[in-house]
Amino acid sequence: KKKAKAKTITILDSRRAANVSIMLKQFQSLLKGGYDDIVPAVLRLDPKLTADRLQVILEICPVVAEEKRLLGFRGKDGELIEGERWMLSIARLQSSKALPRFRLKVDAAYVMASFSNKAAAIVRDIKRISTMAASVVESQRLARTLEYLLALGNLMNHGEAPQPGDALDDGKDGSGQGEGEADGDGGGRVSDPVHAHGFTIDSLLKLASARSTNGKKVTVLDFYVQMVVGRGEGDLLLLDDDLEGLEAVARLSNSPIVANDLSNLQKEVGRVEKEYGLLQADILEARKAKDTTKLAALRIKADGASEKAASAPSKR
């Protein structure tokens, strides 16, 4: 006669419970005690628990709403599906004074394990932006190109343009006098009221759309190319060589990605510091209560966190 299959029940969403059971299996061969060793492994900051694995533990830890439902269970633990049995054990730990804030401890361990890679990625992005900014500033081709475009703009607007390379008057002479100011002997200079001394970057987009009215439909960009080639300065058309990779870096610098990554990393470090402070308070409380067993366990956790933090790159 076949033995009746043990009946299992679920407290939470059946899909959630099944997913937790599946994710727990990766720890069976990883840790000596299987997934029952997850808690001690987290507390001793076991190097086997990489950032990715700690992320998995965070995902399978019960949230507050799940804890309440799990702690309300009055049946036998053996009736629960494997994933829920583990979640119930964590809920009980977190609700007791034996191991408060386990989820926060996992989060702190995750931050410490992932800090180096995240910080390195942020530094790499900042260096890319800084290097490209230097290339833009130092490009002689770009400077010469912008001079020509300013001259072309003045030509289109006023029919007369200063030659590229001519000094543009900023309205101040050597004595620091500004527009309309002159010293007693007439030595002061007045800025040119007609010609523009600069233009917005947005106006460059019109180079390929503004066309001549003589029926040839030549764009300003076409005219510029013909002009610099005719003047023997075709080398200016190799501007891309000076600014290789500009488009990718521009997308990076124009988005909040780097700033958000840095802000998130600072918040994560703040959570670690908060948990470390709470852990120190737990140690003090245990010392006052003369709970030597708990005190020894807490010291191990604190020492492990200190050693791990000391090996991580410092914040800048």
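**Legends: pocket, cavity and overall fold of a predicted model**

**View 1. The largest pocket of the chain.** The largest pocket has a volume of about 580 Å³. It has 17 lining residues, and those closest to its centre are Leu 142, Leu 146, Leu 204, Leu 239 and Leu 243. Two or more lining residues of this pocket come from each of helix H8 (140–158), helix H9 (220–230) and helix H10 (239–242). A pocket is an open set of points, on a 1 Å grid over the protein atoms alone, with protein on both sides within 12 Å along at least five of seven lines; lining residues have an atom within 4 Å of a point. A volume is the space filled by probe spheres set on the points, with grid points joined across faces, edges and corners. The model is predicted: local features need pLDDT of at least 70 and side-chain atom pairs count only at pLDDT 80 or more, while totals for chains, interfaces and linings use all residues. Residues are numbered from 1 along each chain as its sequence is written, and side-chain values use heavy atoms, with hydrogens and water left out.

**View 2. The lining of the largest pocket.** Helix H8 gives the most to this lining, with four residues. By class, the lining of the largest pocket holds 15 nonpolar residues, one polar and one charged. Here Ala, Val, Leu, Ile, Met, Phe, Trp, Tyr, Cys and Pro count as nonpolar, Asp, Glu, Lys and Arg as charged, and the others, Gly among them, as polar.

**View 3. The largest cavity.** A cavity is a set of grid points where a 1.4 Å probe fits but cannot get out. One cavity of 30 Å³ or more is counted, and the volume of the largest cavity is about 80 Å³. Ten residues line the largest cavity, and Leu 45, Asp 46, Leu 49, Leu 54 and Ala 109 lie nearest its centre.

**View 4. Helices around the largest cavity.** Helix H3 (38–43) and helix H7 (102–138) each supply at least two residues of the lining of the largest cavity. The largest share, three residues, comes from H7. This lining has eight nonpolar residues, two charged and no polar ones.

**View 5. The helices of the chain.** The chain has 13 helices and zero strands. Helices (H or I, at least four residues) and strands (E, at least two) are DSSP runs, numbered from the N terminus. Buried residues make up 33% of the 316 residues in the chain, where buried means under 20% relative accessible area with a 1.4 Å probe, protein chains only.

Conventions. Buried means under 20% relative accessible area, exposed over 50%, partly exposed in between (1.4 Å probe, protein chains only).
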